Amino acid sequence: MTDATDVTDLHEEFGGERLPPGQRQTERFPVLSKSGTPGWSPETWEFTVTGAVETDLSITWSEFTDLPAETQRQDFHCVTGWSRFDNEFAGVTFPELAGRAGVDDDAVHVMFRSLDGYSTNLPLDDCMREEVLFVHEFDGDPLPTEHGGPLRVVTPHKYAYKGAKWVTGVEFLTEPERGYWERRGYSNTANPWNEERYN
């Protein structure tokens, strides 16, 4: 493995074991999404930061991959009951992007939006963590399309449906809203160590 920042001890902050209750560890990386895998082109791809920010951002693919990136070793917990340890993800931290846009004082919530129409939400405080990454590399290679490439979010302190695949934008909100699965009965908080799977 490369010289990655290891954040696999994150479970200690939440008072739980590394493998959350009700999870089974797997070496496989199952592919799950709400629909099929969308296509994309590096020439037309665009990432936007909008809402309660000082400066709206519109970032091309080449510009995004030029942003300061870091590599982290993370665990990944799916709400369907499996966990995969020691994933090496490389990408841009959420605080890095937030700092470039400048977050308004009245922003309290974040909505992530994706190429396939998916959306998911988190409180701003849950996003402003160095281990919330916009990932474009997985285990040293470009992130595979089926796993959310070219860009996905990873949220190792939450179930993985809070980490949008094929993400193309972030909207900072002054009032909480619910995303795709949250409107369909999935937990809004999604803490794996409390088994917050469904409302």
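This briefing walks through some features of the structure shown above, topic by topic. The model is predicted, so local features need pLDDT of at least 70 and side-chain atom pairs count only at pLDDT 80 or more, while totals for chains, interfaces and linings use all residues. Residues are numbered from 1 along each chain as its sequence is written, and side-chain values use heavy atoms, with hydrogens and water left out.

**The annotated domain**

- The UniProt record, an unreviewed entry, places "domain: Oxidoreductase molybdopterin-binding" at residues 37-181. UniProt positions are given in the numbering used here, feature names are shortened, and annotations may be inferred rather than shown by experiment.
- Over residues 37-181, the chain is 12% helix and 41% strand. Helices (H or I, at least four residues) and strands (E, at least two) are DSSP runs, numbered from the N terminus.
- The end C-alpha atoms of residues 37-181 sit 17 Å apart.

**Cavities**

- How many cavities of 30 Å³ or more turn up in a search of the whole structure? The search finds two.
- Here's what counts: on a 1 Å grid over the protein atoms alone, a cavity is a set of points where a 1.4 Å probe fits but cannot get out, and lining residues have an atom within 4 Å of a point. Grid points are joined across faces, edges and corners, and a volume is the space filled by probe spheres set on the points.
- The largest cavity has a volume of about 50 Å³, and its lining is made of Val7, Thr8, Leu10, His11, Arg18, Asp75, His77, Pro156 and Trp193.
- Sorted by class, that lining has four nonpolar, three polar and two charged residues. For these classes, Ala, Val, Leu, Ile, Met, Phe, Trp, Tyr, Cys and Pro count as nonpolar, Asp, Glu, Lys and Arg as charged, and the others, Gly among them, as polar.
- The second largest cavity holds about 40 Å³ of space. Its lining includes Gln74, Phe76, Arg152, Val154 and Lys158.
- Two elements give two or more residues to the lining of the second largest cavity: β5 (70-77) and β11 (152-154). The largest share, four residues, comes from β5.
- In the lining of the second largest cavity you'll find five nonpolar, three polar and three charged residues.

**A closer look at His11**

- His11, one of the residues lining the largest cavity, lies in the loop between β1 (5-6) and β2 (24-25).
- His11 counts as buried because its relative accessibility is 14%. Buried means under 20% relative accessible area, exposed over 50%, and partly exposed in between (1.4 Å probe, protein chains only).
- Along the chain, His11 and Trp193 are 182 residues apart, but their C-alpha atoms are separated by 7.8 Å.

**Helix α2**

- Which residues of helix α2 (residues 94-101) are buried? They are Phe94, Pro95, Leu97, Ala98 and Ala101.
- These residues cover an arc of only 160° around the axis, so they are on the same side of α2. The arc is that of the directions from the helix axis to the C-beta atoms.
- Leu97 counts as buried because its relative accessibility is 3%. The C-alpha atoms of Leu97 and Pro68 are separated by 9.7 Å, with the two residues 29 apart along the chain.

**The β3 and β4 hairpin**

- Strand β3 (residues 46-51) and β4 pair in the antiparallel sense over four bridges. Two strands pair if DSSP finds at least two bridges between them.
- β3 and β4 form a hairpin with five residues between them, and Phe47 stands opposite Ile59 in β4.
- In a regular strand the side chains alternate between the two faces of the sheet.
- Strand β4 (residues 57-60) has Leu57 and Ile59 on a covered face, and Ser58 and Thr60 on an uncovered one.

- Most residues other than glycine have a negative phi, and most peptide bonds are trans.
- A cis peptide bond joins Gly149 and Pro150, with omega about 20°. Pro150 lies in the loop between β10 (141-142) and β11.
- Asp139 isn't a glycine, but its phi is positive, near 50°. This residue is in the loop between β9 (133-138) and β10, and it counts as partly exposed because its relative accessibility is 40%.
- Trp166 isn't a glycine either, and its phi is positive at about 55°. Trp166 is found in the loop between β11 and β12 (167-173).
- Is Trp166 buried or exposed? Trp166 is buried, with a relative accessible area of 2%.

Key. 1 Å grid on protein atoms, 1.4 Å probe; cavity = no way out; pocket = protein on both sides within 12 Å on 5 of 7 lines; lining within 4 Å.
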